[in-house]
Amino acid sequence: MDTVRYVTAERVAHLTLDRPDALNALTPDQRDHVIHLLGEASADPGVGAVVITGTGRGFCAGADLRGGSGTADGADGATAERVPGDVARTIRLGAQRLVAAVLDCEKPVIAAVNGTAAGLGVHLALACDLVLAAESARFIEVFVRRGLVPDGGGAYLLPRLIGPHRAKELMFFGDALSAPEAERLGLVNRVVPDADLPKTARDWAARLAAGPTRALALTKQLVNASLDTDRAAAFAAEAAAQEINMTTRDAQEGVRAFVERRSPGFQGR
């Protein structure tokens, strides 16, 4: 699909949304292709990190509504007759599956937000493990402007990042949030000049790709799960993850390197 570019180089998968004329709004076919590519990157032993970005002035303007969709996820038109359950099924198999593909990817995923992220595009970025933003980037919980309920896991992700009151403010009013404001609230790891965004994303991804892949995957799993569990379950999951990770070659190399007072040479295994 030429509107979603996917290139791997030096153990980094670069996934670029390429519909600049539509601010990279996602059609259902594009969304499903992104889900497929994230699954490929997750399973590929030659990939150690993923970068998601867009071309032009937009990172992702959400789901493509130009077909007259009555939901933010590409359901049938607002005036079309629906069978009960159609909308819920569309959301579950569409926007929610996209966000889950990012959260469940076994490789660290970096969002390089090059411009406007709106609606589902915001949630695509926030689901990533690290978020870099160009100075010109904006984040807009646009659903309320369309009379819609947020989808794509927004009401799950946003309160966990900034708390319920701030999340409600953004979702109730739908105001545009600048990149520096997003950084101040904790939605963004770092804001960089527009021209520096690609290089910063490459540098961060290269560091991750050179790291212990399985340890990073297990760490991601532990952190994500910790938000939905109690201390006893979190501690048990941590112990299990350590047990699994200590069987990897990278863990054994890391310990040897420490004892031998040298830098480790991780191989992603």
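The largest nonpolar core of this predicted model holds 49 residues, and those with the most contacts inside it are Val50, Ile52, Phe59, Val113 and Phe139. Such a core is a set of buried Ala, Val, Leu, Ile, Met, Phe, Trp, Tyr and Cys residues joined through side-chain atoms within 4.5 Å, where buried means under 20% relative accessible area with a 1.4 Å probe, protein chains only. A second, separate core of 14 residues includes Ile110, Leu197, Ala201 and Ala205. In soluble globular proteins, nonpolar side chains tend to be buried together.

Turning to the whole chain, 11 helices and 10 strands are found, taken as DSSP runs of at least four residues (H or I) and at least two (E), respectively. The radius of gyration, taken over C-alpha atoms, is 19 Å, close to the 18 Å that the globule rule (2.2 Å times the number of residues to the power 0.38) gives for 269 residues, so the protein chain is as compact as a globular protein of that length. Buried residues make up 45% of the 269 residues. Among contacts between residues at least 6 apart in sequence, 66% join residues at least 24 apart.

Residues are numbered from 1 along each chain as its sequence is written, and side-chain values use heavy atoms, with hydrogens and water left out. Local features need pLDDT of at least 70 and side-chain atom pairs count only at pLDDT 80 or more, while totals for chains, interfaces and linings use all residues.

Definitions and conventions: Buried means under 20% relative accessible area, exposed over 50%, partly exposed in between (1.4 Å probe, protein chains only). Contact means heavy atoms within 4.5 Å.
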